[in-house]
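Please examine the sequence and the model below before reading on. The account that follows is meant to be read beside them.

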Amino acid sequence: MKLEVRNLTKSYDNEKIFKNFNLQFSDEKVNCIIGESGCGKSTLLNILAHLISVDDGKILGISKQDISYIFQEDRLIEWLTIKENLNIALKRYYDDSEIESRINNLLLSLGLENVKDKYPSELSGGMKQRVNIARAFGKPSKLILMDEPFKSLDYTLKYKIIDEFKYMLLKENRMVILVTHDVEEAIYFDGNIIVLGKRPVEVKKVFSKDLYNSKEEIINLIR
């Protein structure tokens with residue numbers, strides 16, 4: 001799948017966030033978008049998700065129906081069990097006879113096989129984020145968007161969940177675009193790192209190899 005942002009223009013309150021902005025994403029690796037706070041990372045993600053309209057330009061190669069979105073917050077329905085939350089996400093795509101086995105397999109892959117009858121309030125933050133990942137992979141989407149989904153997790157738990165996410169990707173080929181403020185996290189995904197600059201947003205540089213050796217350069221670019 002080819003995903004391209006072409007000649008994107010977007011303004012808020014007479015401030016141009018994007019002006020004739022162009023970018024292509026790789027479908028072979030995790031694409032990490034990084035940049036200083038307020039540079040437009042999340043706005044770009046929401047435009048890709050068709051949650052924000054644009055003033056001009058096009059998003060080519062993807063429709064809203066082909067997208068899963070993992071947000072910073074879990075967005076689970078508190079009065080439904082984990083199984084019921086996932087059932088809502090999957091029922092429009094699969095027959096009733098398939099859903100339970102799919103939910104069981106997703107939860108098993110993420111070490112959550114014992115929580116399907118629990119409510120979100122009974123789960124830790126890390127468990128809730130795993131459920132978010134299960135929900136994203138449960139939808140037969142071509143693209144997974146992620147907006148700093150590991151931001152609130154402690155260091156050890158964050159990288160454990162990232163490993164689980166990468167394992168899920170090995171089993172299912174999906175394009176991934178991740179917004180993060182964490183250079184170490186972006187490097188750990190071992191994909192592409194797209195560094196964005198100030199408004200109107202520009203692509204300062206794209207890193208696709210030797211990421212660990214490029215760490216200092218990446219940090220300097222987002223300062």
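The model is predicted: local features need pLDDT of at least 70, side-chain atom pairs count only at pLDDT 80 or more, and totals for chains, interfaces and linings use all residues. Residues are numbered from 1 along each chain as its sequence is written, and side-chain values use heavy atoms, with hydrogens and water left out. Helices (H or I, at least four residues) and strands (E, at least two) are DSSP runs, numbered from the N terminus.

M1 belongs to the segment before β1. Its relative accessible area is 33%, so M1 is partly exposed; buried means under 20% relative accessible area, exposed over 50%, and partly exposed in between, with a 1.4 Å probe and protein chains only. Contact here means heavy atoms within 4.5 Å. When neighbours within four places in sequence are set aside, M1 is in contact with D27, G61, I62, K142, L143 and M175. Between the C-alpha atoms of M1 and S11, ten residues apart along the chain, the separation is 29 Å.

From there the description moves to the sheet. An open sheet is formed by three strands in the order β2-β1-β4, with antiparallel pairing; two strands pair if DSSP finds at least two bridges between them. The edge strands, β2 (15-25) and β4 (56-60), each pair on one side only. On average, and with direction ignored, neighbouring strands of this sheet are turned by 20 degrees against each other. Strand β1 (residues 3-12) is joined to β2 by seven bridges, and the two run antiparallel. Within this pairing, V5 stands opposite L23 of β2, and K10 has F18 in β2 as its bridge partner. The two strands form a hairpin with two residues between them, and D13 in the turn has a positive phi of about 50 degrees.

Helix α1 (residues 41-48) lies across β1, β2 and β4 and runs at about 120 degrees to β1. Axes are lines fitted to C-alpha atoms, for helices over the stretch in contact, and angles run from 0 to 180 degrees between N-to-C directions. How enclosed is α1 by the rest of the structure? It is largely enclosed, because seven of the eight residues of α1 are buried. The buried residues are K41, T43, L44, L45, N46, I47 and L48. Just after α1, H50 takes a positive phi of about 65 degrees.

C39 is found in the loop between β3 (30-35) and α1. C39 counts as buried because its relative accessibility is 3%. Neighbours within four places in sequence aside, C39 is in contact with L196, G197, R199 and V201. The C-alpha atoms of C39 and S53, which are 14 residues apart along the chain, are separated by 18 Å.

Two helix pairs come next. Helix α2 (residues 82-90) packs against helix α3 (residues 96-109) at an angle of about 120 degrees, with their axes 10 Å apart. The two are therefore oblique to each other; angles under 35 degrees count as roughly parallel, over 145 as roughly antiparallel, 65 to 115 as roughly perpendicular and the rest as oblique. I82, K83, L86, N87 and L90 of α2 make the contact with I99, E100, R102, I103, L106 and L107 of α3.

In the second pair, the axes of helix α4 (residues 125-138) and α5 come within 11 Å and cross at roughly 15 degrees. This makes α4 roughly parallel to α5. On the α4 side the contact is made by G126, R130, I133 and F137, and on the α5 side by L157, K160, I161, E164, F165, M168 and L169.

The last topic is the nonpolar cores. A nonpolar core is a set of buried Ala, Val, Leu, Ile, Met, Phe, Trp, Tyr and Cys residues joined through side-chain atoms within 4.5 Å. The largest one has 45 residues, and I34, F137, M146, F165, F189 and I193 have the most contacts inside it. Its largest share, six residues, comes from helix α5 (residues 155-171). Apart from this core lies another of 29 residues, among them I33, L48, I177 and L196. As for I193, it touches C32, I34, A186, I187, K205, V206, F207, L211 and I218, not counting residues up to four places away in sequence.
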